[in-house]
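Hi,

Here is the model we talked about. Have a look at it first, and then read on for what turned up.

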Protein chains: 2
Amino acid sequence: MEFSLKNMGTAAKVASRFVSQTSGKDRDRALMAMAEALLKGTDEIVRANGVDLAEGRAGGLSEPLLERLSLDEGRVRSMAKGLEEIAALPDPLGKGDRWINDQGLEISRVKVPLGVIGMIYESRPNVTADASGLCLKAGNAVILRGGREAVNSNRAIASLIRGALRESGFPEDSVQLLDDPGREATQALMALDDLDVLIPRGGKGLKEAVRVHAKVPVIMTGMGLCHLYVDRSADLGMAVDIAVNAKAQRPSVCNSIETLLVHSEVAPAFLPLLSSAMEEAGVELRGDGRVRSLVSMASATDEDWDTEYLALILSVKMVDSVEEAIDHIDRYGSGHSEAIVTGDYGTSRKFLDQVDASSVYVNASTRFTDGSVFGFGAEMGISTQKLHARGPMGVEHLTTVKYRVLGSGQVRG
Amino acid sequence: MEFSLKNMGTAAKVASRFVSQTSGKDRDRALMAMAEALLKGTDEIVRANGVDLAEGRAGGLSEPLLERLSLDEGRVRSMAKGLEEIAALPDPLGKGDRWINDQGLEISRVKVPLGVIGMIYESRPNVTADASGLCLKAGNAVILRGGREAVNSNRAIASLIRGALRESGFPEDSVQLLDDPGREATQALMALDDLDVLIPRGGKGLKEAVRVHAKVPVIMTGMGLCHLYVDRSADLGMAVDIAVNAKAQRPSVCNSIETLLVHSEVAPAFLPLLSSAMEEAGVELRGDGRVRSLVSMASATDEDWDTEYLALILSVKMVDSVEEAIDHIDRYGSGHSEAIVTGDYGTSRKFLDQVDASSVYVNASTRFTDGSVFGFGAEMGISTQKLHARGPMGVEHLTTVKYRVLGSGQVRG
């Protein structure tokens with residue numbers, strides 16, 4: 001297996017050198033061909049997906065997971081549309097600035113592809129198409145490592161995409177799927193020398209595996225332990241609406257909240273409102289002692305503050321100041337998205353300034369942290385680290401820079 | 001040791017929260033105080049340096065290394081001047097752009113500090129002052145890990161800097177020196193959770209140690225295996241001048257060249273010129289078989305192509321095309337700085353487009369890859385990786401971004 005992965009790495013490197021030299025127009029043509037291939041191959045994809053669904057059902061996959069895994073004609077059409085939208089984005093490559101330095105050297109700093117990208121994901125099979133499209137758009141080759149439960153769907157999608165690449169005059173190894181089911185394959189990918197960057201998309205378990213096994217530069221995405229703090233000056237109706245949206249609108253995603261912090265002065269008025277709204281939304285509340293002294297609910301332990309539920313569960317804690325809320329977020333937050341509801345100007349600024357996260361909200365739901373909502377187009381994931389990309393990652397973040405220096409014989413004195 | 005490093009990490013995190021909230025003016029004031037403290041403490045620094053020099057001499061350190069290690073009044077004055085220059089740079093924080101999205105959210109993307117930076121270096125003790133200054137300028141705390149041979153000098157410098165910070169109202173733990181001499185201390189620093197980024201500055205050995213031990217995001221700097229390719233259309237006089245400058249002007253730095261590639265058509269005319277100029281510059285040449293059939297010199301083995309000499313040695317290889325030169329660079333280059341001497345327009349563009357390195361030169365010396373030469377001010381090092389920073393890294397690269405999102409009750413539909 002190691003040997004074949006090494007071969008995949010070499011093939012990806014060769015392909016990336018080719019793709020890096022293509023024009024934006026050629027890459028867009030290939031993206032359109034990929035979209036068409038998915039549409040034409042709809043039956044093939046749906047059939048392969050049927051095998052995954054049957055195996056998943058037999059293996060006891062939960063209904064929500066089966067729902068996420070499932071592909072029908074409409075979902076294949078969405079994948080194809082996603083690729084067309086990526087084709088319509090401006091070419092991220094070749095742009096830059098240019099200046100003349102003291103020695104008369106003409107220096108340009110231009111955007112170039114990263115090279116070979118490794119992507120690990122366990123999400124829905126549409127990521128196979130999205131990630132392939134975004135990487136190709138930015139002139140990169142990609143090695144994809146999808147979830148075991150979607151392997152047949154991913155194989156069908158990748159195979160159609162590779163066919164379209166070949167027919168467009170691109171090396172089919174610009175997109176490769178690592179479909180060995182073993183955990184060792186994932187670990188070997190994390191250490192593959194030929195990767196210029198590894199992008200894991202997942203929760204705490206994957207993050208920890210990356211920390212232990214990764215030997216190449218990493219952009220960690222998709223891990224979100226987010227908070228909403230309801231300040232003493234909050235509009236309580238607004239706070240309830242935002243809390244319900246941030247928790248329950250789509251609980252399985254990284255920008256939903258896991259913990260609500262409420263100021264003790266408004267807790268007696270706010271908690272009953274929260275409790276009934278959350279009950280209606282089907283959300284289980286778990287509170288600390290002070291919270292439970294006001295409204296009856298399950299008990300939150302220390303472990304709750306540290307848990308990304310990704311489910312209809314919300315832990316609730318009472319605090320006595322915005323500073324205490326910020327300290328709690330500093331300790332338990334994942335640096336993804338954090339929100340405050342407040343009517344106080346100074347408190348809003350303190351929260352914005354002092355909370356260390358990719359996206360900090362005043363009087364809005366954390367659910368807005370998203371590449372397309374922010375206006376960047378399709379996204380590769382949401383980075384929770386600080387290097388290279390922080391927050392929603394678009395095509396732009398799949399590039400690096402190169403300095404091109406034109407001289408006329410200059411040497412350094 | 002682990003325990004005390006953990007304490008250093010916690011202290012750095014607390015300090016970084018403080019520093020991140022200071023104004024640019026306050027940070028500049030602290031930088032000026034640090035400069036003044038170094039000047040006032042010159043005797044103290046020079047005395048500590050004397051201990052390092054004596055120990056180094058007793059331990060058999062080479063003369064060039066002793067020279068690099070040595071500090072006198074002039075060098076201390078340069079360190080202080082470096083800090084004053086950093087103070088004079090514009091504040092990298094707080095700048096950004098701002099837009100309104102479809103939901104009416106006001107989104108700003110602003111520059112914020114990275115947080116806690118770990119820096120490993122084996123260079124001259126002036127890095128202790130430079131790195132402290134650059135990190136503080138960008139609102140960060142730093143944990144410094146200098147070379148064992150400079151430990152007394154580094155202690156003296158760090159102690160003066162910490163005193164100046166304290167007197168300026170900053171936490172002295174904004175700058176900490178990890179002075180435990182053991183290799184385990186370095187490895188523990190590479191895995192320290194509290195670091196937002198680790199910046200190792202050094203050669204292949206350090207790079208490999210980082211690959212094995214690092215558990216935090218890394219920006220690798222200071223490793224340079226650079227090439228000069230002399231094309232068949234080169235001005236041979238220019239090629240000789242650039243080769244001598246790129247090899248011999250300062251052989252111990254990462255932007256000097258290690259291998260020269262020469263096109264077979266001009267090799268008979270070029271190699272005798274190169275040989276006599278390099279002899280004059282005290283450079284030992286090591287050639288492949290075809291090179292040695294034209295000019296007598298030592299023999300280059302495969303290991304030579306893979307070696308960063310950092311010394312007055314140059315390996316020389318004959319190639320039959322620019323493509324062969326690019327392939328060699330692709331295989332052995334470290335992605336730092338690569339140069340071609342050519343008179344051919346098409347060849348110059350091919351080299352610029354296809355060579356994958358931070359800085360690619362036409363008709364100029366690789367020695368120009370440098371933050372101040374490029375116009376960025378003082379530099380933290382030269383990154384040879386593609387993520388976050390590539391090429392010379394200035395104050396700008398010690399920052400990340402944060403999205404500040406102002407709403408009026410928006411929830412996601």
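**Between the domains**

A:Asp306 pairs with A:Lys204 in a salt bridge, with 3.4 Å between the closest N and O atoms. (A salt bridge here is a side-chain nitrogen of Lys or Arg within 4 Å of a carboxyl oxygen of Asp or Glu.) As a reminder, side chains of opposite charge can pair when their charged atoms come close.

Before going further, some housekeeping. This is a predicted model, where local features need pLDDT of at least 70 and side-chain atom pairs count only at pLDDT 80 or more, while totals for chains, interfaces and linings use all residues. Residues are numbered from 1 along each chain as its sequence is written, chains are lettered from A and ligands numbered from 1 in the order in which they are written, and side-chain values use heavy atoms, with hydrogens and water left out.

Back to the domains. Chain A is assigned domain 1 (2-92 + 117-222) and domain 2 (226-370); the bounds come from an automatic or database domain assignment. Their contact takes 5 residues from domain 1 of chain A and 5 residues from domain 2 of chain A, where contact means heavy atoms within 4.5 Å. The C-alpha centres of the two domains are 35 Å apart.

Together, the two domains of chain A bury about 360 Å², with 30% of that on carbon and sulfur atoms. (Buried area is the accessible area, with a 1.4 Å probe, that two parts lose on being put together, summed over both.) On the domain 1 side, A:Arg68, A:Lys204 and A:Gly222 supply 72% of the buried area, more than any other three residues. The count between these domains is 1 salt bridge.

**Between the chains**

How many residues does each chain bring to the contact between chain A and chain B? It takes 72 from chain A and 72 from chain B. The area buried between them is about 6200 Å², and carbon and sulfur atoms give 49% of it.

Chain A superposes on chain B by a rotation of 180 degrees with 0.0 Å of shift along the axis (RMSD 0.0 Å). The two copies are thus related as by a two-fold rotation axis.

One to look up is A:Asp193 with B:Arg211, at 3.3 Å from N to O. That pair crosses from the loop between helix 8 (183-190) and strand 6 (197-201) of chain A to helix 9 (residues 204-213) of chain B. (Helices, H or I with at least four residues, and strands, E with at least two, are DSSP runs numbered from the N terminus.)

Which strand gives the largest share of the chain A side that touches chain B? Strand 16 (residues 399-410) of chain A does, with 11 residues.

Cheers

Key: Copies are superposed by least squares on the C-alpha atoms of residues with pLDDT of at least 70 in both.
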